[in-house]
Amino acid sequence: MEISNEIKYIGVFDREIDLFEGQYTVKDGVSYNSYIIKDRKIAVMDTVDKSFVGEWLARLDTELDGRQPDYLIVHHMEPDHSSGIKSFLDKYPEATVIASQAAFRMMRGFFGTEFEGRRRIVTEGDTLSLGEHTLTFITAPMVHWPEVIMTFDARDGVLFSADGFGKFGGFEIGREWVDEARRYYIGIVGKYGKQVQAVLKKAAALDIKKICPLHGPVLSENLEFYIDLYDKWSSYTPEQSGVTVAYASIYGNTKAAALYLSERLKERGVAVSLYDLSRCEKYAPIADAFRFDRLVLAAATYNMGVFPPMREFVTELSERGYKNRRVALIENGSWAPAAAKVMRQILGEEVEYLDRVVKITSAPTEANYRELDGLVNDLLA
Ligand SMILES: Cc1cc2nc3c(=O)[nH]c(=O)nc-3n(C[C@H](O)[C@H](O)[C@H](O)COP(=O)(O)O)c2cc1C
Ligand SMILES: [Fe+2]
Ligand SMILES: [Fe+2]
């Protein structure tokens, strides 16, 4: 994969991974991207996950074609990108490693050394000339760890965006990029919208022609499309009109109510994503809750609280600063229903709750179904 005359892709693809970061299902695998800029000086951008360091060093060696790298630029210290730092520096004793101060502190944690004597600490606005290419460093704290930097190459208009604009799975672009990039962003960086907004502001001042992230495809056309999505996600603005219906049901009665509601919504032409929280992939409903402007939570009461799959779901939403959506609550309980109250306590008050709360006592009654019809109207109002 060629990015420009002097910039090449030297990343690897992980098809074997079972869970990304120990919890995200990635059935189509994930790439660990790395790049090389071959100018009068040679810079290598990031390394890869530990299982692939050998393969990556071999790709690098081929691309170097007998030359020696001068710099290793470390944008992010998460092990899926940083595992090869020590092997690289051992192999190329003349190379200097470039990273933020915080990244070097993390290197001590991971490798027992900050590579004193062969390191250069960079911060906002610092530059590095490779010859024709002058690189400018941009700090991006909490996108997605505190030490993160991005690099802009003004000569080719390339932004090396670290985990920003990353995607699970393969190298699909355009509409096919969106679902897995959303699940990646909301899951991993979702909490740090403010910090992403700050980076987007800095990026707006640059003439970006290509975005080279650490996962997924290089983005080289229609950049406004991707940047606009990042702007929406990070400002907690709904992406589309529609309803996520998420239910957590033990015996199936709450489920029956959720299914009834989602059928009525679909009949009215509304886009609906329906999730059984006990069985679905954990981050799919979270990503859809951010995608749509309305959310329905339906849950059984459990030990005076809410059935755990729902408790986890609303906790994850709350931790990601979920807001600017309309939320409807449906609760069920056989003796003292408390699910609605608890869901609301956890999710917080930055969303708009519909006044109507549907309360089911064990199994939905005819009156409950009429209330659900009413809820459909309220959601569409
Ligand atoms: C372990 C456990 C704890 C429960 N705790 C409560 C409770 O505190 N209050 C209550 O009203 N119902 C409680 N229930 C009952 C369920 O909330 C109730 O049967 C509900 O109708 C189940 O809905 P479902 O058919 O969607 O699973 C509990 C059920 C189980 C299995
Ligand atoms: Fe990361
Ligand atoms: Fe990453």
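Leaving aside neighbours within four places in sequence, V270 is in contact with G242, V243, L265 and L380, where contact means that the C-beta atoms of two residues, placed from the backbone, lie within 7 Å. This is a predicted model, in which local features need pLDDT of at least 70, side-chain atom pairs count only at pLDDT 80 or more, and totals for chains, interfaces and linings use all residues. Residues are numbered from 1 along each chain as its sequence is written, while chains are lettered from A and ligands numbered from 1 in the order in which they are written.

To stay with V270 for a moment, its place is in the loop between helix 8 and strand 17 (272–276). Helices (H or I, at least four residues) and strands (E, at least two) are DSSP runs, numbered from the N terminus. V270 counts as partly exposed because it has 17 C-beta neighbours inside 10 Å; the cut-offs are 20 or more other C-beta atoms within 10 Å for buried, 12 or fewer for exposed, and partly exposed in between, with C-beta atoms placed from the backbone. V270 and L380 are 110 residues apart along the chain, and their C-alpha atoms are separated by 8.6 Å.

Now for the chain as a whole. Its secondary structure comes to 12 helices and 21 strands, and its C-alpha trace spans about 75 × 40 × 30 Å along the principal axes. Of the 381 residues, 44% count as buried. Among contacts with a separation of 6 or more, 70% are accounted for by residues 24 or more positions apart.

Strands of a sheet pair through backbone hydrogen bonds, either parallel or antiparallel. Here, two strands are taken to pair if DSSP finds at least two bridges between them. Strand 6 (residues 35–38) is joined to strand 7 by 4 bridges, and the two run antiparallel. They form a hairpin with 3 residues between them, and I37 stands opposite A43 in strand 7. Strand 7 is also joined to strand 8 (residues 71–73), this time by 3 bridges and in parallel, with V44 opposite L72 in strand 8. As for the side chains of strand 7, I42 and V44 point one way, A43 and M45 point the other way, and all are buried. In a regular strand the side chains alternate between the two faces of the sheet.

The loop between strand 12 (134–139) and strand 13 holds H144, and the peptide bond from V143 to H144 is cis, with omega near 20°. M142 is found in this loop between strand 12 and strand 13 as well, and has a positive phi of about 70° although it is not a glycine. Most residues other than glycine have a negative phi, and most peptide bonds are trans. M142 is partly exposed, with 17 other C-beta atoms within 10 Å. A positive phi of about 70° is also found at M304, again not a glycine, in the loop between strand 18 and strand 19 (305–306). With 12 C-beta neighbours inside 10 Å, M304 counts as exposed.

Helix packing is illustrated by helix 6 (residues 193–204) and helix 7 (residues 223–234), which pack at an angle of about 145° with their axes 8 Å apart. Axes are lines fitted to C-alpha atoms, for helices over the stretch in contact, and angles run from 0 to 180 degrees between N-to-C directions. G193, V196, Q197 and L200 in helix 6 meet I227, Y230, D231 and S234 in helix 7.

Finally, 19 residues surround ligand 1, the closest being I250, Y251, N253, T254 and G333; a residue is near a molecule if its C-beta atom, placed from the backbone, lies within 6 Å of it. Helix 8 (253–267), strand 18 (292–302) and strand 20 (326–333) each supply at least two residues of this shell.
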